[in-house]
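Subject: Structure for you to look at

Dear colleague,

Here is the structure we spoke of, handed over with its sequence. My notes on what was found follow below it.

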Amino acid sequence: MKEFYINDDGIRLHAKLDMPAEVDENHPGTHTIPLCIVIHGFTGHMEERHIIAAAEAIRETGCATLRVEMYGHGKSDGEFRNHTLYKWVGNALTVVKYAKSLDFVTDLYLCGHSQGGLLVMLIAGMCRDDIKAAIPMSPAWMIPDLAREGTILGLTYDPEHIPDELHQGDLVLDGNYARVAQTIHVEDEIARYTGNVLIVQGDEDEAVPYEYAVKAQKLYAHCRLVTIPGDDHCYDRHLDQVTKAIREFMTEEMVR
Ligand code: FER
């Protein structure tokens with residue numbers, strides 16, 4: 001494992017690069033292998049159980065993983081309250097460029113959970129020439145719709161007059177989070193991406209309506225939806241079914 005920071009124009013993004021077991025990290029030699037970028041969700045980080053499990057499943061298929069923490073999360077720079085989807089998009093574009101610059105990398109894949117899954121959907125559309133396949137896990141792509149209606153994290157506000165700060169329990173977000181989210185149209189980026197997509201989601205997800213997974217599957221040109229019956233947003237009940245779906249999808253991808 002290599003731990004380091006990727007510099008996004010002065011913002012340091014905390015990253016961990018892990019090689020699959022068969023590649024000796026100290027003597028990588030002439031191995032050229034695919035790499036999958038893995039991104040956590042809103043308030044999340046790279047050491048969460050489901051993020052580690054997803055990355056491990058991907059490595060088991062012979063693909064390296066690059067876990068990166070986005071602005072205001074984990075050990076990356078920036079304050080949580082100041083993060084926006086534009087900042088995350090800028091971060092992720094920098095990470096894709098960094099990944100492309102690595103000598104050992106052949107194909108590039110993207111995986112992300114929840115708000116990180118929404119990010120994967122946006123970046124796959126934006127970087128369609130660079131991303132061979134994408135794995136949005138329980139992607140929170142209702143966030144822009146909800147922001148336009150005046151809801152963030154269950155908190156309601158006047159969508160025509162966004163407050164300077166959004167408070168929900170202990171969480172404080174700058175109003176700019178909502179201003180940015182209102183402008184994002186995920187359908188456009190879904191339409192732009194024609195590579196293979198795997199969506200995994202529990203049908204008892206308490207944070208992201210399961211219907212959004214069904215809708216995304218229909219909108220994508222090539223998308224497999226693996227439903228995890230009875231599971232929640234972070235797969236507390238059936239994480240093994242999630243990793244199985246990821247392993248199967250990536251195994252097929254690796255020989256394509
Ligand atoms: C919301 C529901 C879910 C929201 C964010 C999420 C910011 C994201 C959850 C996650 O990334 O785990 O209303 O608003």
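Y235 sits in the loop between β12 (222-228) and α8 (239-254); helices (H or I, at least four residues) and strands (E, at least two) are DSSP runs, numbered from the N terminus. This is a predicted model, in which local features need pLDDT of at least 70 and side-chain atom pairs count only at pLDDT 80 or more, while totals for chains, interfaces and linings use all residues. Residues are numbered from 1 along each chain as its sequence is written, and side-chain values use heavy atoms, with hydrogens and water left out.

Although Y235 is not a glycine, its phi is positive, at about 60°. Most residues other than glycine have a negative phi. Y235 counts as buried because its relative accessible area is 0%; buried means under 20% relative accessible area, exposed over 50%, and partly exposed in between (1.4 Å probe, protein chains only).

S114 also has a positive phi, near 60°, and is a residue other than glycine. S114 is placed in the loop between β5 (105-113) and α3. With a relative accessible area of 9%, S114 is buried.

**The ligand site**

S114 is one of the residues around the ligand; the others are G41, F42, Q115, M142, I143, I152, L153, Y177 and H233.

A backbone N or O atom of L153 is 2.7 Å from a ligand oxygen. For Q115, a polar backbone atom is 3.0 Å from an oxygen atom of the ligand. From H233, an N or O atom of the side chain lies 3.1 Å from a ligand oxygen. On its own the ligand has 370 Å² of accessible area, of which the protein covers 89% (Shrake-Rupley method, 1.4 Å probe; for residues, only the protein chains shown count as cover).

Q115 belongs to helix α3 (residues 115-126) and is buried, at 1% relative accessibility. The side chain of Q115 makes a polar contact of 3.1 Å with that of H83. Beyond its neighbours within four places in sequence, Q115 is in contact (heavy atoms within 4.5 Å) with G41, F42, H83, L85, W88, A140, I143 and Y177.

H83 is also touched by H73, whose other contacts, not counting residues up to four places away in sequence, are H40, G41, F42, T43, G44, F80 and W88. H73 is in the loop between β4 and α2 (85-101) and is buried, at 2% relative accessibility.

Helix α1 (residues 49-59) is largely enclosed by the rest of the structure, because eight of its eleven residues are buried. These are H50, I51, A53, A54, A55, A57, I58 and R59. Among the elements covering them are β2, β3 (33-39), β4 (64-68), β5, β6 (133-137) and α8.

T61 lies in the loop between α1 and β4. The side chain of T61 reaches the backbone oxygen of I58 at 2.6 Å. T61 is buried, at a relative accessible area of 15%. Leaving aside neighbours within four places in sequence, T61 is in contact with R247, M250, T251 and M254.

L17 is part of strand β2 (residues 11-18) and is buried, at 4% relative accessibility. L17 and M1 are 16 residues apart in sequence, with their C-alpha atoms 5.6 Å apart. M1 is among the contacts of L17 outside four places in sequence, together with K2, F4, L35, T65, L66 and F104.

L198 is in strand β11 (residues 196-202). At 0% relative accessibility, L198 is buried. L198 and R256 are 58 residues apart in sequence and 15 Å apart in space, C-alpha to C-alpha.

Regards

Note on methods. Near = heavy atom within 4 Å. Polar contact = N/O pair within 3.5 Å; in protein donor to acceptor, adjacent residues only side chain to side chain.
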